[in-house]
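Welcome! Let us read a structure together, one feature at a time.

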Amino acid sequence: DHMPDNRTEINTQEKVVALLTSAYPDNTYIVLSELSCDNEDDYIISFKATNRFYDQVYSWEDITEDNNDSPEYLWNSSYLCIAAANQALKSIEELGGPKNSVLRQARAEALLCRAYNHFILTNIFCLPYNSETSEQDPGIPYAEECEVTLKPEYERGTVAEDYRKMEADILEALVDVGDENYKVPKYHFNAKAAYAFAARFFLYYEKWDMAIEC
């Protein structure tokens, strides 16, 4: 008759809104992408303030060092955010669906967070989207449900499949996106941020007219 642990039950719209603060990653892909790109030069003779993690990223070696910006940390952090978004979506349905503006905007935020985190993972761990090859290029698992079993098995799918699912989440979210739930809108997917992300996504997706529209 008692909850076996100290988990929080997401059973009010206020809790759903609060939960979505956990749908944003607490690290960034910028270190990985910057150090491994052509913006970087090797000044090892005159510049000693480096470490093994940076050297491995710069040299495109297998990364064995632990770091807050490591691929492993980014992967786990992003999927934790996706899990929070999926739980918010499930809880909204359990509350009777997006029946008012608070829940509609919370649902939009959850869809955007789910799409954004998959977008980052796809572009870090897969090949870039290409309309000629992405139907064959391996993608990442697109998590759309809450995990309720130990070590569930996921299909990896393709980059094209991931992009189609991201597009569906984004377009569905843009209908209801808004700023009413936020005390500090700039820390969330407010309306301007949502359309900025959508514009960026459609540029990557080679849908130029949609990017201009957003």
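**Reading the model step by step**

A: Let us start with Glu61, which sits in the loop between helix H3 (52-58) and helix H4 (71-94). Helices (H or I, at least four residues) and strands (E, at least two) are DSSP runs, numbered from the N terminus. This is a predicted model, in which local features need pLDDT of at least 70, side-chain atom pairs count only at pLDDT 80 or more, and totals for chains, interfaces and linings use all residues. Residues are numbered from 1 along each chain as its sequence is written, and side-chain values use heavy atoms, with hydrogens and water left out.

Q: How many helices and strands does the chain have?
A: The chain has eight helices and zero strands. Read from the N terminus, its elements run α-α-α-α-α-α-α-α. The C-alpha trace spans about 60 × 50 × 35 Å along its principal axes.

Q: Is Glu61 buried, partly exposed or exposed?
A: Buried means under 20% relative accessible area, exposed means over 50%, and partly exposed is in between (1.4 Å probe, protein chains only). Glu61 has a relative accessible area of 45%, so this residue is partly exposed. In the chain of 214 residues, 39% are buried.

Q: Which residues form the negative surface patch?
A: Patches are made of residues with over 30% relative accessible area and no salt bridge; like charges are joined within 9 Å, and nonpolar side chains (Val, Leu, Ile, Met, Phe, Trp, Tyr) within 5 Å. A salt bridge is a side-chain nitrogen of Lys or Arg within 4 Å of a carboxyl oxygen of Asp or Glu. The negative patch here is formed by Asp41, Asp42, Asp55, Glu61 and Asp62.

Q: Which residues make the nonpolar surface patch?
A: Leu203, Tyr204 and Trp208 make this patch of about 330 Å². Accessible areas come from the Shrake-Rupley method with a 1.4 Å probe. Tyr204 belongs to helix H7 and is partly exposed, because its relative accessible area is 34%.

Q: How many aromatic pairs are there?
A: Rings of Phe, Tyr and Trp (its six-membered ring) pair if their centres lie within 6.5 Å; planes under 30 degrees apart count as stacked, over 60 as edge-to-face and the rest as tilted. The structure holds 17 aromatic pairs. One of them joins Phe119 and Tyr204: the ring centres are 5.0 Å apart and the planes are at 65°, so this pair is edge-to-face. The pair links distant parts of the chain, with Phe119 in helix H5 (residues 101-125) and Tyr204 in helix H7 (residues 191-204), 85 residues apart. Phe119 is buried because its relative accessibility is 1%.

Q: Why is the pair of Tyr163 and Phe201 stacked?
A: Their ring centres are 5.3 Å apart and their planes are at 20°, so the pair is stacked. Here too distant parts of the chain are linked: Tyr163 is in helix H6 (residues 159-174) and Phe201 in helix H7, 38 residues apart. Tyr163 is buried at a relative accessible area of 1%, and Phe201 is buried at 0%. One aromatic cluster includes Phe119, Tyr163, Phe201 and Tyr204 among its members.

Q: What is the phi of Trp60?
A: Trp60 has a positive phi of about 55° although it is not a glycine. Trp60 lies in the loop between H3 and H4 and is exposed, with a relative accessible area of 69%.

Note on methods: Lys and Arg count as positive and Asp and Glu as negative; His and the chain ends are not counted. The place of a charge is taken as NZ of Lys, CZ of Arg, CG of Asp or CD of Glu.
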